[in-house]
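Hi,

Here is the structure I promised to send over. Have a look at it first, and my notes on the charged side chains follow below.

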Amino acid sequence: MRDRAKLNYTAPFVTCLACIALFSGALVLLVQHNPAISIQTFDGRVELGIAAVTLSHPTGGILDRIDRQTGDWAEQGQVLVQLDDTALAAAHKLTEDRLWTARIRLARLADERDGASGFTLPENQAAPAAVIPVVDRQTALLKARAQTREARLGQLGEEIAYLKAQLETAQAIVAPDPEIVAELREDLYRADAAQNQILAEFEHSIETEIAKVAPSLTQLEMQFETSAAQLAALSIEAPVAGTVRLMDGLKLGDIIPPETPILEVLPAGAEPVVRFLVPAGDTAQIVPGQSVEIWSVAQTALLPGRV
């Protein structure tokens, strides 16, 4: 890369070590504490000791926020830019609501199977306010189903108790009627069978529902984790501490294509070397360690450096 440099001294062919990240564009070098010497222009180039880290996004999107500008310092993990999350956030919220609905339903089924009069979520699961109505509906459903089941079992229980009493009475007489005893025993058998059938049907229906809900819950959990990761990926963070440079012309609202460079981060400690060709007769004006200011056409402010 060929750059142009201006120095406020007439000095030699030298190498200036700039303590600032420089990426591209023409350069102007100003030596401080020497105002009497006129500014001259020299050819030069920038050489980076460590390559800048280029950042892009795998799927792209609309640029929604810029947290760090060119020349800003960023710590590792600090958010640099954010892509628009409107559509993805809406889909993520929908998946979250469906996930909680499945969790609540599965918790209700488990408690109903165990004969509980109500149900609660595990201690480590706090449902968001948006799905509280789902909890209320599932609680009402559990109670209604329990009442219906208990009413049917209660009727059969009363019938069984009556039949048992009648059978005992019929058998207690001196000469019991075989037909009456047989009929009572048959009725008692049918009532017992009906009671067992109600319990078996209840257990079967609960296990069938659980078998349907459990796989969908697993799938929803995977979808939720995926969308959460996609949302997090919309925030592009600094992989290392360093100086930021946005790509030329980048602005809010830009559509970022997939895998297109968005910005660069020059890692900390990677001081670029700015090399300028200075006439040999001007070497007396250059002192190692001398403070300089560097200006690039890509920058609006002077950047500090040293010889």
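Glu-209 counts as buried, because its relative accessibility of 15% falls under the 20% cut-off. Bear in mind that this is a predicted model. The partner of Glu-209 is Arg-145: the two form a salt bridge, with 3.3 Å between the closest N and O atoms. Arg-145 sits in helix 2 (residues 132-172) and Glu-209 in helix 3 (residues 178-233), so this pair ties together parts that are 64 residues apart in sequence. Arg-145, for its part, is partly exposed, at a relative accessible area of 26%.

Lys-93 and Asp-97 meet through their side chains in a salt bridge, 2.7 Å from N to O. Both lie in helix 1 (residues 86-113), four residues apart, which is about one turn of the helix. Lys-93 is partly exposed at 35% relative accessibility, and Asp-97 is partly exposed too, with a relative accessible area of 23%.

One more to click on is Lys-251 with Asp-254, whose side chains meet in a salt bridge at 3.1 Å, N to O. Asp-254 is buried, since its relative accessible area is 16%.

And how many salt bridges are there by this rule? The count comes to 15, and the pairs Lys-93 with Asp-97, Arg-145 with Glu-209 and Lys-251 with Asp-254 are among them.

Cheers

Key. Residues are numbered from 1 along each chain as its sequence is written. This is a predicted model: local features need pLDDT of at least 70, side-chain atom pairs count only at pLDDT 80 or more; totals for chains, interfaces and linings use all residues. Side-chain values use heavy atoms; hydrogens and water are left out. A salt bridge is a side-chain nitrogen of Lys or Arg within 4 Å of a carboxyl oxygen of Asp or Glu. Helices (H or I, at least four residues) and strands (E, at least two) are DSSP runs, numbered from the N terminus. Buried means under 20% relative accessible area, exposed over 50%, partly exposed in between (1.4 Å probe, protein chains only).
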